[in-house]
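This report walks through selected features of one protein chain. Please keep the sequence and the structure open while reading.

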Amino acid sequence: MAETPVFSTAAVAAPHTLAAETGQMILAAGGNAVEAMVAMAATVAVVYPHMNGLGGDGFWLVREPKGRVHAIDASGPAGALATIKRYRTKGYDAVPPRGPDSALTVAGAVAGWELALELARALGGQLPRELLFGDAIRHAREGYPVSRSEARFKTSEEAALYAVPGFAEAFLAEGKRMSAGTLRQTTRLADTLEQLAHAGLRDFYRGDIGREIAADLERIGSPIVRRDLETYRARVVQPLSLRLRGSTIYNLPPPSQGLATLMILGMFERLKATRGESPEHHHGLIEATKRALGISASVVTDPLHLAHDPAGCLASSALEREAARIDIGRAAPFPLRHSPEGGTVWMGAVDQDGLAVSYIQSVYWAYGSGCLLPKTGMLWHNRGAAFSLDPASRNPLEPGRKPPHTLNPPLAAFDDGRVLAFGTMGGETQPQILGQIFTRYRLGMGLADTVEAPRWILDKNRDSETGVLRVENGFDPTVMRALSRLGHRIDEMDESDAERFGHAGMVLRQPRNGRVEAAHDPRADGGALGL
């Protein structure tokens, strides 16, 4: 059994050790959990560039010790020139995933940091930006070792990624990925972070940095214009919530797919599986996942264009109805048109006062669009690849519209006073992984064992559009045989595919003594640190 680190008062969890060390340092300096998270977000943006960066998006959940929950949507809309006509005229049938035409939505992460720091100050935070960004600036300027995850990460459209102007010079060595441990310096990114620390985060959108970003985007042919940056704001939103037995779980509303995660958990509870790691546990979760993903895909879109109230999908009657449609004796068909893809970081923090943060930050596919903006040294994301060029679709490309988001950072508050921040990377597989780690914890597994345990994901079959259940090594063979008899098509993967099963983490505060437990995924390059 894996041992969960236990800390006396506060802890952080991150997929990269350097980010966890930054969070620990901020907590030790008297910073609160939100300040620690902003600092971690800046550091991880430097040292984990295949997963996230300043040129991406983010979503926040913050729970105050007395129970108030704040949600921040820091996702960006399509640029003013991002029209279906523009892309059709260029001969596209779909938004390309790489290159300047994929760099079509505003990056919201830094605006989210700004809004989070306003909240941090309202909650007593006083640390200067120079301290919060100090580690990130140092790692960018002095160099950081290429991570194990980056060196081994597999992504589709790789040839197109490598061909994006400026990408190879920054991220390849002799035309190949840099090996783990190779020192990489990003001095232009260090300069950008120093400017943001000095001038303030609004400079990213409406100051000198914003001007350089806009000029670079125009130069490469992106449909984002300066005005798109100047008018962008991250938004405080009302979180979605779901009442479960003995707890309430929170997540982000659309454009986030937080709805899918909550629906999975709501349906699964109504199946009344009580024995963890049993065929009933995994079959019920798989079937709840199929139903939730199907419903979510028909609901989640830009929040200004919702046809259905997402909260209605979480009503007890709706969840009862959907759970009743699950056949506990047979796997339902589940067509998938493409394999899941995503590059993301989830991080958690709980401070000495019990302030808890669940945060997720991403450039969508690994390395995003591949476009490295030369003046600022940042990669721009490709979240706009989630748009459709069909004007009658649920998510048509339109200027000012937000694409659907895979990102969702849940947080649970238990009736006995426990607070749990948890999450994972994994693109469209995030709700599947979140369902597994939360139900395993609820059914009695410890934190470290929960994040280490083998996982499954629903994926596209290579030979057809029929979904297949890909599983990691380590599952009980009797459970796998039982699932196969139920009709699940199982494909066992080897360790080289570990990245496909997410980087999960959990930070838990106990009510009686305030002690904090934390764990992060051995599939990643980080861990849990605290005070």
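## Burial and the cysteines

A residue is called buried when its relative accessible area is under 20%, and exposed when that area is over 50%. The model is a predicted one. Cys371 has a relative accessible area of 4%, so Cys371 counts as buried. Cys313 is also buried, at 13%. Across the whole structure, a search returns 0 disulfides.

An open sheet is built from 7 strands, arranged in the order 9-4-3-13-12-2-23 with antiparallel pairing. Its edges are strand 9 (235–237) and strand 23 (527–530); each of these has a single partner strand, so one side of each has no neighbour in the sheet. Ignoring direction, neighbouring strands are turned against each other by 15° on average.

Helix 1 (residues 17–28) packs on this sheet, where it touches strand 2 (11–14), strand 12 (343–350) and strand 23. The direction of helix 1 makes about 160° with that of strand 2. Elsewhere in the sheet, strand 3 (residues 57–63) pairs with strand 4 (residues 69–74) through 6 bridges in the antiparallel sense. Leu61 has Ala71 of strand 4 as its bridge partner.

## Strand 11 and its two partners

Strand 11 (residues 247–251) is mostly covered, with 5 of its 5 residues buried. Ser247, Ile249 and Asn251 point one way from the strand, while Thr248 and Tyr250 point the other way; all are buried.

Strand 10 (residues 240–244) runs antiparallel to strand 11 and is joined to it by 5 bridges. The two strands form a hairpin with 2 residues between them, and Gly246 in the turn has a positive phi of about 80°. Arg243 has Thr248 of strand 11 as its bridge partner. Strand 11 is also joined to strand 16 (residues 411–414), by 4 bridges and again in the antiparallel sense. There, Thr248 stands opposite Ala413.

## Salt bridges

Side chains of opposite charge can pair when their charged atoms come close. A search of the whole structure finds 32 salt bridges. One of them joins the side chains of Arg88 and Asp93, with 3.6 Å from N to O. Arg88 is partly exposed, at a relative accessible area of 39%, whereas Asp93 is exposed, at 66%.

Lys290 and Glu287 form another, with the closest N and O atoms 2.9 Å apart. These residues are 3 apart in helix 15 (residues 279–299), which means that about one helical turn separates them. Both Lys290 and Glu287 are buried. In the salt bridge between Arg470 and Asp491, the closest N and O atoms are 2.4 Å apart. Arg470 belongs to strand 19 (residues 467–471) and Asp491 to strand 20 (residues 490–492), so this pair ties together parts that are 21 residues apart in sequence. Arg470 is buried, with 3% relative accessible area, and Asp491 is partly exposed, with 22%. A network of salt bridges links Arg455, Glu472, Asp521 and Arg523.

## Helix 14

Helix 14 (residues 258–271) has 14 residues and spans 21 Å from its first C-alpha to its last. That is close to the 20 Å expected at 1.5 Å a residue. The helix is mostly covered, as 13 of its 14 residues are buried. Lys272 follows helix 14 and has a positive phi, near 60°.

Gln436 sits in helix 17 (residues 430–442). With a relative accessible area of 1%, Gln436 is buried. Leaving out residues up to four places away in sequence, Gln436 touches Leu285, Pro454, Arg455 and Trp456. Among these contacts, Arg455 is also a member of the salt-bridge network described above.

Gly207 lies in the loop between helix 11 (203–206) and helix 12 (208–220). Its relative accessibility is 14%, so Gly207 counts as buried. When residues up to four places away in sequence are left out, Gly207 touches Arg202 and Arg226. Gly207 and Leu196 are 11 residues apart in sequence, and their C-alpha atoms are 9.7 Å apart in space.

Conventions: Residues numbered from 1 in each chain as written. Predicted model: local features only at pLDDT ≥ 70, side-chain atom pairs only at ≥ 80, totals over all residues. Heavy atoms only, no water. Buried < 20%, exposed > 50% of the residue type's maximum accessible area, 1.4 Å probe, protein only. Contact = heavy atoms within 4.5 Å. Pairing = 2+ DSSP bridges. Axes fitted to C-alpha atoms, helices over the stretch in contact; angles between N-to-C directions. Disulfide = S-S within 2.5 Å. Salt bridge = Lys/Arg side-chain N within 4 Å of Asp/Glu carboxyl O. Expected span 1.5 Å × (residues − 1).
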